[in-house]
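The exercises below are meant to be worked with the sequence and the model side by side. Try each task before reading its solution.

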Amino acid sequence: MTRSRSSQAQSVESARSRARGFGGYPPIQKELMSKESAEIGVFGGSGFYSLIENAREVWIETPYGAPSDRVAVGEVAGKKVAFLPRHGKDHRFPPQAINYRANLWAMKELGVSRIIGPTACGSLKASVAPGEMVVADQVVDRTTGRKDTFYDGPITTHISFADPYCPELRPLAISALKSIGVKTHETGTIVVIQGPRFSTRSESKWFQDAGWEVINMTQYPECYLARELEICYVNISLITDYDVGIEGVPPVSHEEVMKVFASNNERVKQAIFKIIEAIPAKRGCACGTALAGARF
């Protein structure tokens with residue numbers, strides 16, 4: 001039997017009540033948290049802080065533990081935006097150690113209904129070159145052991161994830177990237193690996209033979225948890241390297257990844273600004289009703 005929306009709201013409020021009782025944050029931050037709100041969220045690296053005007057940093061308490069860092073709340077293009085570095089400001093959390101549930105719940109607590117999630121990714125195809133960007137439309141999960149749902153019971157919840165990324169935000173992202181002269185791939189499948197290691201040649205060849213375009217370590221469960229909270233989510237995959245499954249390509253290195261990412265960081269920020277600027281006030285997609293009919 002599907003629970004009513006009022007029952008679902010009570011469940012969320014109950015979890016929020018538990019979250020507010022979770023210790024470990026300075027009292028002053030609790031006060032700030034209650035006064036802040038945002039409509040759009042951004043996950044990414046610490047370089048994106050410069051996007052936000054009049055930023056105020058707040059701790060958000062969650063029933064799932066602490067998020068990766070303080071959330072910066074401010075304005076971008078006249079809209080209220082929250083930014084959270086998914087790895088922490090000092091990059092202390094490797095992909096497999098990120099508290100994805102806490103990060104998504106923190107955004108929900110602030111009132112966020114849309115999230116932009118740029119990522120550094122490897123390419124599995126010669127036709128998708130470093131420096132280019134992919135607006136993903138599909139994701140394949142190859143991670144293990146990550147906490148990837150808010151619904152562990154006792155109410156069984158099966159949410160549709162056939163189309164992982166918001167159909168309203170994706171065209172905005174494609175338009176934004178093209179407007180600043182970025183070679184953009186309008187579709188693509190991201191295969192998400194556990195990390196922190198890179199793939200073997202055989203693994204990478206396997207992914208390539210499956211027809212997938214992009215490889216990354218953080219898109220799952222981040223994009224799925226957004227759907228569970230009925231938040232719209234869009235990814236921009238910045239291609240930093242060719243993965244090792246492509247014939248004649250030397251093995252990927254962290255140094256090369258960071259070099260390409262740094263040289264394209266400004267373009268990603270420009271694209272995010274344009275996406276935020278173009279997001280309409282009201283949602284016209286089905287992301288906000290993902291729980292309808294999902295509970296038994």
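**Exercise 1: a histidine at the pocket**

His 91 is exposed, because its relative accessible area is 52%, where exposed means over 50%, buried under 20% and partly exposed in between, with a 1.4 Å probe and protein chains only. This is a predicted model, in which local features need pLDDT of at least 70, side-chain atom pairs count only at pLDDT 80 or more, and totals for chains, interfaces and linings use all residues. Residues are numbered from 1 along each chain as its sequence is written, and side-chain values use heavy atoms, with hydrogens and water left out.

Task: Determine where His 91 lies in the chain and which residues are closest to the centre of the largest pocket.

Solution. Begin with the chain position: His 91 is in the loop between strand 4 and helix 3 (100–109), helices (H or I, at least four residues) and strands (E, at least two) being DSSP runs numbered from the N terminus. Next, consider its backbone, where phi is near 60°, a positive value in a residue other than glycine. Then turn to the largest pocket, whose volume is about 840 Å³. Of its 39 lining residues, those closest to the centre are His 87, His 91, Ala 120, Val 257 and Met 258. On a 1 Å grid over the protein atoms alone, a pocket is an open set of points with protein on both sides within 12 Å along at least five of seven lines, a cavity is a set of points where a 1.4 Å probe fits but cannot get out, and lining residues have an atom within 4 Å of a point. Finally, helix 7 contributes the largest share of this lining, six residues.

**Exercise 2: the enclosed space**

Task: Find which residues line the largest cavity and how they divide by class.

Solution. The structure holds one cavity of 30 Å³ or more, and the volume of the largest cavity is about 30 Å³. The elements giving two or more residues to its lining are strand 4 (79–85) and helix 7. The lining consists of Val 42, Phe 48, Leu 51, Ile 52, Val 76, Val 81, Phe 83, Ile 272 and Ile 276. By class there are nine nonpolar, no polar and no charged residues. The lining of the largest pocket, by contrast, has 19 nonpolar, 15 polar and five charged residues.

**Exercise 3: strand 11 and its partners**

Task: Work out how strand 11 is paired and whether it is enclosed or open.

Solution. Strand 5 pairs with strand 11 in the parallel sense over 10 bridges, a pair requiring that DSSP finds at least two bridges between the strands. Within this pairing, Gly 122 has Asp 241 of strand 11 as its bridge partner. Strand 6 (residues 133–134) also pairs with strand 11, in the antiparallel sense and over two bridges, and here the bridge partner of Val 134 is Ser 237. Strand 11 is largely enclosed by the rest of the structure, because 10 of its 11 residues are buried.

**Exercise 4: cis peptide bonds**

Task: Locate the prolines that follow the cis peptide bonds from Gly 195 and Tyr 220.

Solution. The bond joining Gly 195 and Pro 196 is cis, with omega about 0°, and Pro 196 sits in the loop between strand 9 (189–193) and helix 5 (201–209). The bond from Tyr 220 to Pro 221 is likewise cis, with omega near 10°, but Pro 221 belongs to helix 6 (residues 219–228).

Methods
Points joined across faces, edges and corners; volume = space filled by probe spheres on them. Nonpolar A, V, L, I, M, F, W, Y, C, P; charged D, E, K, R; others polar.
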